[in-house]
Each structure stands twice: as C-alpha cells, then as structure tokens.
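This report walks through the fold of a single protein chain, moving from its overall dimensions to its sheets, a helix pair and some details of the backbone.

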Amino acid sequence: NKLFWYFKNVKAITKILNKNQNAIAIAFLSRSIYMLTICSLFTKNKIILSERNDPTKWPQGFLRKKMRDLCFCFADSCVFQTQKAMSHFPNIVQKKGIIIYNPCNPNLPSKVIGPRRKVIISVGRLHKQKNFVMLIKAFAKLSKEYPEYILEIYGQGEEETRLKNLIYELNLENRVFLPGFTKNIYTKMVDSTMYICSSDYEGISNAMLEALGMGVPTISTDCPAGGAKEMINNGVNGLLVPVGDSDSMYIAMKKIIDEPQFAEMISSNACIIKQKLNIEKISKQWIEVM
C-alpha cells in the first residue's frame, strides 16, 4: 500500500529529525519533497527543497505538480538548477530561491589527444523523456553516409523493447547497440567521436556535463528547463539543436564528423566546464545556503 509506505517513512524521518533538531534536511526528488514537507509540520528543523528537473514536465499530473509547488512554499530555502526552472514557481518561492549548478566530477579522464573511435555515445534511462527514438532516427540517416560509425546508448528502462523494435525496423542491428549499464562508462565515452543528449526536457544532464568535462564533442537538444543552454555556448563548446528535431540532430552529427578542426575546437573549449563547475565551488554554495 503506497499510502502506508509514505506515512511509515514520514514517521521514521520525523523521529530522526526530532532527535537532531539542529540538522538541516534537504530533499531533491518529488517523493522526498512531499515527505519532508509533511515532516516539517512536526519538527523544528530547517528544510531545503531542490528542483532537479523541468518543473513544467515533472512530476507528471496536475495534482502532483500543485502539491510540489505548495511544498516549496513551506521550505526555508529553495535551490534550482536554472533561472527558467525557478521562474515557474510563485514569487514567495522565488524570493527564497537560489541557482546552484551541478558540480562536474573532478576525477574525469583527461581529454584524448589524437584519433577517436568511430563511436557515438549517449547515456540515460531508456525513458520517453530522453527521446532516444529521435536519436536513433537521426543516426539512421547518418549511417547511410558513414556506415563505419556505430551508436551506443547506455542505460536501462521501460523503453528498451520499443527501441529494440525500432533498431530492427531500421535494419540497424549491427550499428546501434543498447549495452545496458556499465561500471566503466568514462572509458567508453572519453575517446568516442561525440556524445549526444537527445532529451525532450532535463534539469542539467550530469552525463552531458561529464562528456563536456572530458572534452568529448557534445550535441544536446536545447531542452527545457534551460540547463543545456546554460552549459553549452552553441558552436563554441558544443552544439545545440531543437527538441525532437532528428534532421537538425543529423546535421549536427554530420558537422562533427565532416569538420575535424571544428570538432577539436569545441572539444578543447568544452574542458573549461570543469573550472566553472568545480566541486569545491559548488559545495561552498550549498554550505552558504545551509
């Protein structure tokens, strides 16, 4: 019973908080946000709520969105990844809101110097949000001109069967692969020809940030809530394409293959993201909020 599960967790969290009344509690995901807000009615702890996705698209359902918006009104402070995400909320929330980007992993492999493997990489849950259907269709067009390239999409999820069927329909069984999870994703990404984020919406994609940080030529959809646009200066450290536009994605992929000097330029510029998103700098911002 889902309701029983909720209140069992609320009771347990409230008990922990009442034993640690000076502790600050932070919730990131919708389910945690609902529970922590209820807990705050029975505790004296300060609470921080953080939106990690596009608030207009997630959580799904009108009632859940309204519940989420109401919860943010009860928070002592609210953290957002982008200005666009924060602007969705009422003024009472925006007044206590702050923008903090995701940090970039400081232990990423160094940028590859020299030839790259003829592999195109994407990473994420196999979910409609990620729109891997659009990516596969764009690659299908690309592969007619560049049959030596392959596409690898790492992750698992409910769209796996649909994607496999599409791969079969497009006769791409030997060019598009769904390897599932891997423990060494960085070694797969670092020397790939390019990284693709094809999402319809995102907060800030961590996999995209890591690709940029490793200097992998990166293409992303210009998806709400604006995280990709805040990280990628189109044509300078990566490429942005319209959401759901497989033709534009194909053109961007082709550009990276056809123009090696351009690909090297955006690759070199992309590595600078590690300085912008230094983990100590981001951690300090969170500490200041707390």
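## A backbone detail to start from

The structure is a predicted model. Asn131 sits in the loop between strand S5 and helix H6, and its phi is near 45°, a positive value in a residue other than glycine.

## Overall form

The protein chain contains 14 helices and ten strands. Its radius of gyration is 21 Å, close to the 19 Å that the globule rule gives for 290 residues, so the chain is as compact as a globular protein of that length. Taken along the principal axes, the box filled by the C-alpha atoms is roughly 65 × 40 × 35 Å.

## The six-stranded sheet

In what order do the six strands of the open sheet lie? The order is S7-S6-S5-S8-S9-S10, and the pairing is parallel. Strand S7 (176-180) and strand S10 (239-241) are the edge strands, each of which pairs on one side only. Neighbouring strands of this sheet are turned against each other by 25° on average, direction ignored.

Within the sheet, strand S8 (residues 192-197) pairs with strand S9 (residues 218-221) in the parallel sense, over three bridges.

## The four-stranded sheet

Another open sheet has four strands in the order S1-S2-S3-S4, with parallel pairing. Its edge strands are strand S1 (25-27) and strand S4 (97-99), and each of these pairs on one side only. The twist from one strand to the next averages 25°.

Strand S2 and strand S3 (residues 77-80) run parallel and are joined by four bridges; Ile48 stands opposite Ser77 in S3. Helix H3 packs on the sheet, touching S2 and S3, and its direction makes about 140° with that of S2.

## Packing of helices H6 and H7

Two packed helices are described by the angle between their axes and the distance between the axes. For helix H6 (residues 132-145) and helix H7 (residues 160-169), the angle is about 15° and the axes are 10 Å apart. Why does H6 count as roughly parallel to H7? Angles under 35 degrees count as roughly parallel, and the angle of about 15° between these helices therefore makes H6 roughly parallel to H7. The crossing of the two helices is right-handed.

On the H6 side, the residues that meet H7 are Phe132, Val133, Ile136 and Lys137, and they face Arg162, Leu163, Leu166 and Ile167 in H7. By class, the residues of this contact divide into six nonpolar, no polar and two charged.

## Cis peptide bonds

Two cis peptide bonds deserve a look in the backbone. The peptide bond from Trp58 to Pro59 is cis, with omega near 5°, and Pro59 is found in the loop between strand S2 (47-51) and helix H3 (62-74).

Ala225 lies in the loop between S9 and helix H10 (227-231).

Notes
Residues numbered from 1 in each chain as written. Predicted model: local features only at pLDDT ≥ 70, side-chain atom pairs only at ≥ 80, totals over all residues. Heavy atoms only, no water. Pairing = 2+ DSSP bridges. Axes fitted to C-alpha atoms, helices over the stretch in contact; angles between N-to-C directions. Parallel < 35°, antiparallel > 145°, perpendicular 65-115°, else oblique. Left-handed = near helix turned anticlockwise from the far one by under 90°. Contact = heavy atoms within 4.5 Å. Nonpolar A, V, L, I, M, F, W, Y, C, P; charged D, E, K, R; others polar. Rg over C-alpha atoms; globule rule 2.2 N^0.38 Å.
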